Amino acid sequence: SSGSSGINAEYGDTSIHRKRNEPKEELEVSETLTLPIFWKIFFLFSCSLAPVLTALTTFKVYGQSFIPDDMFLARVGGTLGIAKGLGAFCWGMVADFMYLEGLVLAMTVIITVATVLVYVSQFYGKLVYVIAFVTLFLAGGGIFSLYPVVLVRYFGRQNFATLYGIGLTSIAVAAAFMAIATLPFGRLYDSWFIFWMSLAFIASLAVWVAMYLHVLDYREVNKISDVRTVDQNQHEMRNVQRNIPPVEREQVE
């Protein structure tokens, strides 16, 4: 039994002392792409990007519908660029010491609420217009800070560049969502309501996915790691036992 405990101590369960918020080991790209959680995260950030990308291209057109001041709108455009950069910095900074899934949920909620506020701003003038768009871009900056962190936390660092490259194709998906929101049916009612509420609905889907990230608790990722760990331990145990003399082997068994 002493030999067995010694072998288990050296080749035992590699999941001991692992952190809850990290995968048990690095996953291959092919393994990662088979996990539903990867595509849920992909969908989450695609839905979050849709209002931000749309606001980037339509803030001036929308503003001109109730603010007859092109110079003011031009200044707002410059301010939004600053807000996006500042948001990326702030979200990235707090991600180092705060609960990651909670930050993602907060980001998606703020993006959704800010999208609704953008629509409401037409009834309250310049100040609310600026607050709504700046809030949207401050939150939107978090997408580019938190997305890489989420990928590393869930799937490891080994194939991060490839996975992040795949993840960035979510911009194309977000653009498709944006195209849906800008379909001509909104003009039939001569209203911005359908336009911004469609984007708010898309953003709310990200909120729904973010609510369940912490519930998953990396189980899908660790399922692959568990299988690989068991296979590896069994293989190493067989190799060790081959090198044990017959008398000691009987004691171990």
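**Entry 1: H5 against H10**

I started with a helix pair: the axes of H5 and H10 come within 8 Å and cross at roughly 170°. Axes here are lines fitted to C-alpha atoms, for helices over the stretch in contact, with angles running from 0 to 180 degrees between N-to-C directions. That crossing makes H5 roughly antiparallel to H10; the scheme calls angles under 35 degrees roughly parallel, over 145 roughly antiparallel, 65 to 115 roughly perpendicular and the rest oblique.

Next I listed who makes the contact (heavy atoms within 4.5 Å). From H5 I noted Val104, Leu105, Thr108, Val109, Ile111, Thr112, Thr115, Val116, Val118 and Tyr119. From H10 come Phe193, Trp196, Met197, Leu199, Ala200, Ala203, Ser204, Ala206, Val207, Ala210 and Met211. By type, I get 17 nonpolar, four polar and no charged residues. Nonpolar covers Ala, Val, Leu, Ile, Met, Phe, Trp, Tyr, Cys and Pro; charged covers Asp, Glu, Lys and Arg; the others, Gly among them, are polar.

**Entry 2: ground rules**

A reminder to myself that this is a predicted model, in which local features need pLDDT of at least 70 and side-chain atom pairs count only at pLDDT 80 or more, while totals for chains, interfaces and linings use all residues. Residues are numbered from 1 along each chain as its sequence is written, and side-chain values use heavy atoms, with hydrogens and water left out.

**Entry 3: the chain overall**

I counted 13 helices and zero strands in the protein chain; these are DSSP runs numbered from the N terminus (helices H or I, at least four residues; strands E, at least two). Of the 253 residues, 41% are buried, where buried means under 20% relative accessible area, exposed over 50% and partly exposed in between (1.4 Å probe, protein chains only). I also checked contacts between residues at least 6 apart in sequence: 83% of them join residues at least 24 apart.

**Entry 4: back to H5**

H5 has 21 residues and reaches 30 Å from its first C-alpha to its last, close to the 30 Å expected at 1.5 Å a residue. That expected span is 1.5 Å times one less than the number of residues. Its buried residues include Glu101, Val104, Thr108, Ile111, Thr115 and Val118.

Phe38 is in helix H3 and counts as buried at 1% relative accessibility. Beyond four places in sequence, Phe38 touches Thr32, Leu33, Leu151, Phe155, Leu163 and Ile166.

Leaving aside neighbours within four places, Ser145 is in contact with Ala88, Phe89, Trp91 and Gly92.

Gly85 lies in helix H4 and is partly exposed at 43%. Gly85 and Phe144 are 59 residues apart in sequence and 9.7 Å apart, C-alpha to C-alpha.
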